[in-house]
Amino acid sequence: MVKSTNTNPLTSSMILEFLASLSRTTHQPPLPPGPPADSIWGNSFEAAFCYRRFEQWTQEYGPVFSLRQGIPGLGGNRTIIIGRHQAAVEIMEKHGADLSDRPTSIAAGETLSGGMRVLLTRSGERFKKLRKALQSHLQPKSIASYHPVLTQTARQHMFDIIDEHNAKSSTTKSFTSTRHQDHARRYAAAVVMALAYGKVPLSYEDPEVQAVNRCLTRLGYAMRPGAWKVDIFPFLKYIPGYLNELKIGHREELGLFKGQLQEVREKMARGEEVPSSFGKYLIEQQPSLGLSDNETAYLAGSMFGAGSDTSASAISVALMAATCYPEAQKLIQDELDSVIGRGRPPTFSDQDSLPQTMAFVHESFRWRPVTSGGFPHRATKDVIWQNYLIPKGSTVIGNVWSVGRDPELFPDPERFDAQRWIVTDADGRVELRDDLKSYPFGFGRRVCPGQHMATASTFINLALVLWAFNLAPDAKNPIDTYAFTESANAHPMPFNIVFTPRVSVTPEDGEAKGWEVLKEAFETYGL
Ligand code: HEM
């Protein structure tokens, strides 16, 4: 499986490879194999969907392969891609401390984020402080305190679906939703806005939510490996005007984030009652955290950035899977019917009794991971893996898409199969496996601090939707399950779902009665 040779005749890129290799000591093990450079500037590949190209290279060159981008030592670097599970555990997890740094990012990090976005912050004391502050609000035991907000916002999500039906026709039993992704986005924006600033936006069209999402889209595109050549050829930053688009983006973000936190600050200064939020905590702790006003604003703002768009996409992916795999959908509904019944909607207190639902959540994270390409880490020490060298200073990427497609752990990986995550014990009890992981939230010390929140959100929304509705594809518009946006946090391209209420009503009640019954069922839910 592992190929290591380049059979091309001597080319200038090979000479450069050779010169670069002289900078390593002769006793060091070789770099992991990889595709030959296609020019003196190294390996080129499309930034869009590069995680799929990396999967092809994983199949060709093995679980760990290396690329060259630019000329190492002259602004360019080595990139090591990890594409299989065991290698991810042995490198990304076991060497977490040596890989907790991020590579210098001139485009997305220094310019667009002004060096303040935690996602792109280099390791060190400042990073530790930021991470500690985030953990204080996102660790599993804190998440339970957000269950009421998550539940009430998920309830609004159900109303958004019902209202979309009613706005189109109040008399039909089923309806084709074209806006369900907007409803998921509104849910996620509301939850993270509540977490970050203690307020809930009224709609997805809320100008602040729209402005934050504009910033996120810009970030998502700027962060794809190779998207901005300045990250490989740093001299480009001196070309007048080259980075203008990102500089303008930074001014917009900073203004927005400062404005949002300022609102909280002013309310606190006026002595108004301010709901507990991450922003409020940061304002109170700012002196001990040693952060400037801009840094504090960015920390709260980038939590919104990291959590809103990603959670919305995860919910839409779960609904896409349920729509495309009716048998898997039915297994969850059978579980909901037998554990909870049709008399009341599911809540967080049911989560441990719903292994099929949780297995479905894990499988949808694996099947179409939101952050398919993972985020780049940087090695602060030489790391030796199976007699290959991952050199200090190299960029190391755990390719989430590939790790979740490791055929040894996930046979027939393109198939959506929630049963991979299920184990049946000696008494025939169905349980969730605790020995399997596909790393949708990244690796080691940079693992997503919002993972528990994101999992809780996906669970409650999936459980509520499938408790309330049968989902089916729209026969006129088949779903392409590979059609996703090109950004670092990928969203499914718009797709339709046909929603039909699961409540049974008698024919005399009329077709639309189910929608009214559902609305009543959610009237007091979570309040
Ligand atoms: C399904 C939803 C989500 C996915 C798929 C996701 C995925 C990720 C990934 C892959 C990383 C980088 C890990 C690495 O470098 O190895 C990350 C980092 C991060 N995530 Fe999430 N995330 C999600 C939701 C959230 C939520 C809800 C929040 C906060 C409320 C959040 C906050 C963050 C932050 C602050 C970082 C930067 C951490 C660092 O660089 O140290 N994420 N996320």
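## Around the ligand

Helix 5 (125–138), helix 7 (180–197), helix 11 (293–324) and helix 15 (451–468) each supply at least two residues of the shell around the ligand; helices here are DSSP runs (H or I, at least four residues), strands are too (E, at least two), and both are numbered from the N terminus. This is a predicted model, in which local features need pLDDT of at least 70, side-chain atom pairs count only at pLDDT 80 or more, and totals for chains, interfaces and linings use all residues. Residues are numbered from 1 along each chain as its sequence is written.

Which helix gives the largest share of the shell? That is helix 11, with six residues. Of the 28 residues around the ligand, Gly 307, Gly 442, Cys 448, Gly 450 and Ala 454 come nearest; a residue is near a molecule if its C-beta atom, placed from the backbone, lies within 6 Å of it. Sorted by class, the shell holds 19 nonpolar, seven polar and two charged residues. Here Ala, Val, Leu, Ile, Met, Phe, Trp, Tyr, Cys and Pro count as nonpolar, Asp, Glu, Lys and Arg as charged, and the others, Gly among them, as polar.

## A closer look at Cys 448

The unreviewed UniProt entry lists Cys 448 under "binding site"; such positions use the numbering used here, feature names are shortened, and annotations may be inferred rather than shown by experiment. You can find Cys 448 in the loop between strand 9 (430–432) and helix 15.

Is Cys 448 buried or exposed? Cys 448 counts as buried because it has 21 C-beta neighbours inside 10 Å. The rule is that 20 or more other C-beta atoms within 10 Å make a residue buried, 12 or fewer make it exposed, and anything in between is partly exposed, with C-beta atoms placed from the backbone. Leaving out residues up to four places away in sequence, Cys 448 touches Phe 441 and Gly 442; contact means that the C-beta atoms, placed from the backbone, lie within 7 Å.

With 24 other C-beta atoms within 10 Å, Ser 438 is buried. Beyond residues up to four places away in sequence, Ser 438 touches Phe 365, Arg 366, Val 403 and Gly 404.

## Two domains

An automatic or database assignment sets the domain bounds: domain 1 is 1–94 + 372–404, and domain 2 is 95–371 + 405–438 + 440–523. Their C-alpha centres lie 31 Å apart. Where they meet, 36 residues of domain 1 are in contact with 33 residues of domain 2. Helix 3 (85–93) is one of the elements that supply at least two residues to this side of domain 1, and helix 3 gives the most, five residues.

Definitions and conventions:
Contact = placed C-beta atoms within 7 Å.
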